[in-house]
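Q: I am new to this structure and would like to learn how its features are read. Could we begin with the general idea each time and then turn to the case at hand?

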Amino acid sequence: MGDGSITPRLGNMKAFLGLVAGAGASYGLYKLISGESFKRNKKSAANESAGVRSSQPSEGTLQPGSLLARVSGLDVVCPRPVGGASGDLAHQSPGNLDPQHLKMLLSCLQTSNNTTDRCRILLTLGNSAAFTVNQNLLREFEGIHIIAGFLSDPAPEVRVQTLNALNNLCMNIQNQEQIKVCHHILYCKYPEISFCIQDSLVYVPQVLELIEMSPVNSELQLGALRLLTNLSVTDKHQHLLKGSITLLLSLVVVSKETLQVQALKILVNLSSNPDMMDDIVQAQAPASVVLLFDARTASTVLLRLLTFAGNLKAWRASAQVADELRRKQDCLFRVMLDESSQLHSRLVQLLSHPDVEIQSQVARILT
């Protein structure tokens with residue numbers, strides 16, 4: 001899969017891995033990152049950050065709470081210029097990685113046979129991809145295709161770091177296009193590996209398969225859901241998730257709060273698109289999803305459930321369509337929208353919820 005133009009500048013793999021020695025957190029931001037956004041240090045970016053926070057404090061003159069401080073938990077080390085002592089290292093933020101460093105990281109990622117090394121390289125690439133300039137550079141260097149190839153790595157920890165890196169990369173609209181269709185590019189660019197690529201394969205189904213096959217509440221599931229959340233923010237790629245509604249609803253029922261919230265973010269995004277509603281209401285749904293409309297459900301989960309329910313209630317089916325849906329066993333329409341659903345009575349009970357915002361959401365749905 002390698003690009004001939006990507007060659008390591010360092011002769012020794014272990015020497016180059018000094019670049020990733022201090023790897024910290026990989027963050028997914030649910031809004032496109034620009035130079036202005038982290039200068040302003042918007043609070044919303046912090047609220048939507050994803051990944052594992054670095055254990056290392058920010059250093060130097062970084063402003064506390066800034067994007068740079070949050071993402072740059074690692075110190076990337078690179079060799080001193082010629083003439084410096086070989087043991088001395090210059091430190092720089094992942095936001096300031098030079099293009100040749102990104103090329104070397106991608107080359108080392110392709111050639112490494114060590115699971116730990118692959119994880120560290122992917123983590124550093126993920127950190128660097130929190131910056132717009134690096135998102136563009138990695139796309140130009142065919143980095144998206146190289147990184148996405150590790151979705152099928154046998155090591156779960158490598159797949160987690162792959163998802164985290166793709167999550168940051170897809171904050172860029174042009175990158176989203178490549179994440180969606182990069183198998184076609186690989187097929188044309190590398191015909192020698194075409195035997196292992198199915199014509200109908202795109203990375204979204206592969207990510208959905210990771211969610212379905214991974215242990216419930218695992219980091220793999222969380223990383224995959226974060227990536228799909230970002231891809232579902234706009235209408236452009238939502239059609240790729242038409243077959244995922246049942247899986248997402250099942251995760252809402254069986255998962256812990258963190259995964260419930262992430263799955264519901266996707267469902268809210270999809271249900272905000274009228275063109276997706278027919279597929280959503282026809283999807284098979286666990287009847288127990290209605291039981292989550294309860295005062296004992298975590299507020300972060302309940303608020304998103306109510307937003308999802310509000311989007312569903314805003315959809316109006318014709319009498320003929322409604323009759324057809326009623327004949328579909330266990331479809332979402334029957335579970336949440338039909339007159340026989342328990343949802344209405346449960347919403348009435350939530351009018352007395354202590355959280356004012358939840359009360360407001362319930363009132364909006366009932367009126």
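This is a predicted model: local features need pLDDT of at least 70, side-chain atom pairs count only at pLDDT 80 or more; totals for chains, interfaces and linings use all residues.

A: Let us begin with burial: a residue is called buried when its relative accessible area is under 20%, exposed when that area is over 50%, and partly exposed in between.

Q: Which helices and strands does the chain have, by number?

A: The chain has 20 helices and two strands. As for how its parts meet, residues 24 or more positions apart account for 70% of the contacts with a separation of 6 or more.

Q: How many aromatic pairs does a search of the whole structure find?

A: Rings are compared by the distance between their centres and by the angle between their planes, where an angle over 60 degrees counts as edge-to-face. A search of the whole structure finds one aromatic pair. It is formed by Trp 315 and Phe 333, whose rings lie 6.5 Å apart centre to centre with 80° between the planes, so the pair is edge-to-face. This pair links distant parts of the chain, 18 residues apart, with Trp 315 in the loop between helix H16 (299-313) and helix H17 (319-326), and Phe 333 in helix H18 (residues 332-337).

Q: Are Trp 315 and Phe 333 buried or exposed?

A: Both Trp 315 and Phe 333 are buried.

Q: Which residues form a nonpolar patch on the surface?

A: A patch of this kind joins nonpolar side chains that have over 30% relative accessible area and lie within 5 Å. Here Val 348, Leu 351 and Leu 366 form the patch, and together they have about 200 Å² of accessible area. Leu 366 belongs to helix H20 (residues 356-366), and this residue counts as partly exposed because its relative accessibility is 30%.

Q: Which residue between helix H11 and helix H12 lies in the loop there, and what is the phi of Asn 217?

A: Asn 217 is placed in the loop between helix H11 (203-213) and helix H12 (219-231). Although Asn 217 is not a glycine, its phi is positive, at about 70°, and with 29% relative accessibility Asn 217 counts as partly exposed.

Q: Where does Asp 330 lie, and why is Asp 330 called partly exposed?

A: Asp 330 lies in the loop between H17 and H18, and its phi is also positive, about 65°, although Asp 330 is not a glycine. Asp 330 is called partly exposed because its relative accessible area is 34%, a value between the cut-offs for buried and exposed.

Key. Residues are numbered from 1 along each chain as its sequence is written. Side-chain values use heavy atoms; hydrogens and water are left out. Helices (H or I, at least four residues) and strands (E, at least two) are DSSP runs, numbered from the N terminus. Contact means heavy atoms within 4.5 Å. Rings of Phe, Tyr and Trp (its six-membered ring) pair if their centres lie within 6.5 Å; planes under 30 degrees apart count as stacked, over 60 as edge-to-face and the rest as tilted. Buried means under 20% relative accessible area, exposed over 50%, partly exposed in between (1.4 Å probe, protein chains only). Patches are made of residues with over 30% relative accessible area and no salt bridge: like charges are joined within 9 Å, nonpolar side chains (Val, Leu, Ile, Met, Phe, Trp, Tyr) within 5 Å. Accessible areas come from the Shrake-Rupley method with a 1.4 Å probe; for residues, only the protein chains shown count as cover. A salt bridge is a side-chain nitrogen of Lys or Arg within 4 Å of a carboxyl oxygen of Asp or Glu.
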